[in-house]
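Have a look at it first, then read on.

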Amino acid sequence: MISIQNLSFYYQQKRPVFNDVSFTMQNGIYGLLGENGVGKTTLLHLISGLRFPKKGSCQVLGYNSYNRNPEMLKEICFLPEEFQAPAVSILDMARYNAGFYERYSFEQLCQYLEEFEVEGDRKLSELSTGQKKKAMIAYGLSLNTKITLLDEPTNGLDIPSKSQFRKILSIIGDDRCLIISTHQVRDLTHLIDPIIILDRNSVLLNQSVEEITRKLVFKHTAEVPEHALYSEPTLEGYLSVCPNIHDEESTMNIEILFNGVVKNKKKIKELFNM
C-alpha cells in the first residue's frame, strides 16, 4: 500500500528529519513510535501529501503522494492530533463530506458514536475536547478508507474512552492499513502490529510482532541477564529484553522493546538485517 524509497526530508537542510529512508507498509494496525521530534507527524504528512519529499519518493496506492491524486485521496483519512471542529454536528459533517468516500457506512458511524457515548446531533463546537476527538475518530473509521492515519488519537481521552477506542479498533477488518502515531504505548499494546520505531533520520525497526518475538525474548529474572539489551527493575526482579538465542516463546512488552531498540540501535539493525 505504501512504499517509501530513498526518501529525504528536512525543514532546515542542516537538520534532516529523514535521510535516505526506505521501507514499506501493507495491511495491519501499525504502531508508529519514536521519541519526540523524530518525525512521526512529518511521516504522516508525507504519506497524505501534505508535505513533499526533498529527495526520493513516497508512493501510496501506486500514486506519488505529493500529487494528491483524487483516486488516492478518497482512500486516505488523516486525523491530526489537534484540529478545529466546525460548528456542525458530526452527523451533518458526515452528510456533507462522506460522499467523497465510497465505502462510508452511516451504520458504523452510529455504532461507533454509541460505543463512545457521543451524541451525534450535537454541534462539535459545543463538545469537550475529548468528546470532539471521539466524534472525529468515529467519523474517520466509518469512512472505511484503505489507509487511515491517526496522530496521537488517545491524547485527551479518559480511561473509559481509551478502552472504548481499543474495543472499536479490535473489530476493524484486516484489509486496511491503520497507522497510529503514539507515545502512549500502553493504550495500544495488544492491538498494534506491525511496529515501526523511528530514530532521527532513520527507521530503527519495522517488523511484525511475530518477527520481533522470534528474534527477541522478553523475560522476568532475578538478576539482569548477561546479554540483555535493556532491563528495568520490578517487584519480581528485572524485566528484560534479550536476543532470542534459544528460540524461547515470550510475550512482547512494547515499552521494554522501545527502550531496548533506542539504546541498542546498531545491534537491533544487525538482528533484523536492516
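## A tucked-away serine

Ser105 counts as buried because its relative accessibility is 13%, and the cut-off for buried is under 20%. Keep in mind that this is a predicted model. You'll find Ser105 in the loop between helix 3 and helix 4, the latter spanning 106–116.

Which residues does Ser105 touch, once its neighbours within four places in sequence are set aside? They are Ser142 and Asn144. Ser142 also turns up in helix 5, among the residues there that meet helix 4.

## Helix 4 against helix 5

The axes of helix 4 and helix 5 come within 8 Å and cross at roughly 150°. Angles over 145 degrees count as roughly antiparallel, so that is the label for helix 4 and helix 5. Their crossing is right-handed.

From helix 4, the residues that take part are Gln108, Leu109, Tyr112, Leu113 and Phe116. On the helix 5 side they meet Gln131, Lys134, Ala135, Ile137, Ala138, Tyr139, Leu141 and Ser142. Sorted by class, this contact has 9 nonpolar residues, 3 polar ones and 1 charged one.

## Helix 3 joins in

Who meets whom here? Ile90, Met93, Ala94 and Asn97 from helix 3 meet Ala135, Met136 and Tyr139 from helix 5. The tally for this contact is 6 nonpolar residues, 1 polar residue and no charged ones.

## Two nonpolar cores

Now for the greasy parts. In soluble globular proteins, nonpolar side chains tend to be buried together. In this model, the largest nonpolar core has 57 residues. Which of its members touch the most other members? Those are Leu169, Ile195, Ile197, Ile212, Leu216 and Leu257.

Take Leu257 as an example: leaving out residues up to four places away in sequence, Leu257 touches Ile195, Ile197, Leu205, Ile212, Leu216, Phe218 and Met252. There is also a second, separate core of 27 residues, and its members include Ile4, Ile47, Ile147 and Ile196.

The peptide bond from Asp193 to Pro194 is cis, and its omega is near 10°. Pro194 sits in the loop between strand 8 (177–181) and strand 9 (195–199).

Two residues other than glycine have a positive phi: Arg68, with a value near 50°, and Glu117, with a value near 60°. Arg68 is in the loop between strand 5 (63–64) and helix 2 (70–73), while Glu117 is in the loop between helix 4 and helix 5.

Arg68, by contrast, has a relative accessible area of 35%, so it counts as partly exposed.

Notes
Residues are numbered from 1 along each chain as its sequence is written. This is a predicted model: local features need pLDDT of at least 70, side-chain atom pairs count only at pLDDT 80 or more; totals for chains, interfaces and linings use all residues. Side-chain values use heavy atoms; hydrogens and water are left out. A nonpolar core is a set of buried Ala, Val, Leu, Ile, Met, Phe, Trp, Tyr and Cys residues joined through side-chain atoms within 4.5 Å. Buried means under 20% relative accessible area, exposed over 50%, partly exposed in between (1.4 Å probe, protein chains only). Contact means heavy atoms within 4.5 Å. Helices (H or I, at least four residues) and strands (E, at least two) are DSSP runs, numbered from the N terminus. Ala, Val, Leu, Ile, Met, Phe, Trp, Tyr, Cys and Pro count as nonpolar, Asp, Glu, Lys and Arg as charged, and the others, Gly among them, as polar. Axes are lines fitted to C-alpha atoms, for helices over the stretch in contact, and angles run from 0 to 180 degrees between N-to-C directions. Angles under 35 degrees count as roughly parallel, over 145 as roughly antiparallel, 65 to 115 as roughly perpendicular and the rest as oblique. A crossing is left-handed if the near helix is turned anticlockwise from the far one by less than a right angle, and right-handed if clockwise.
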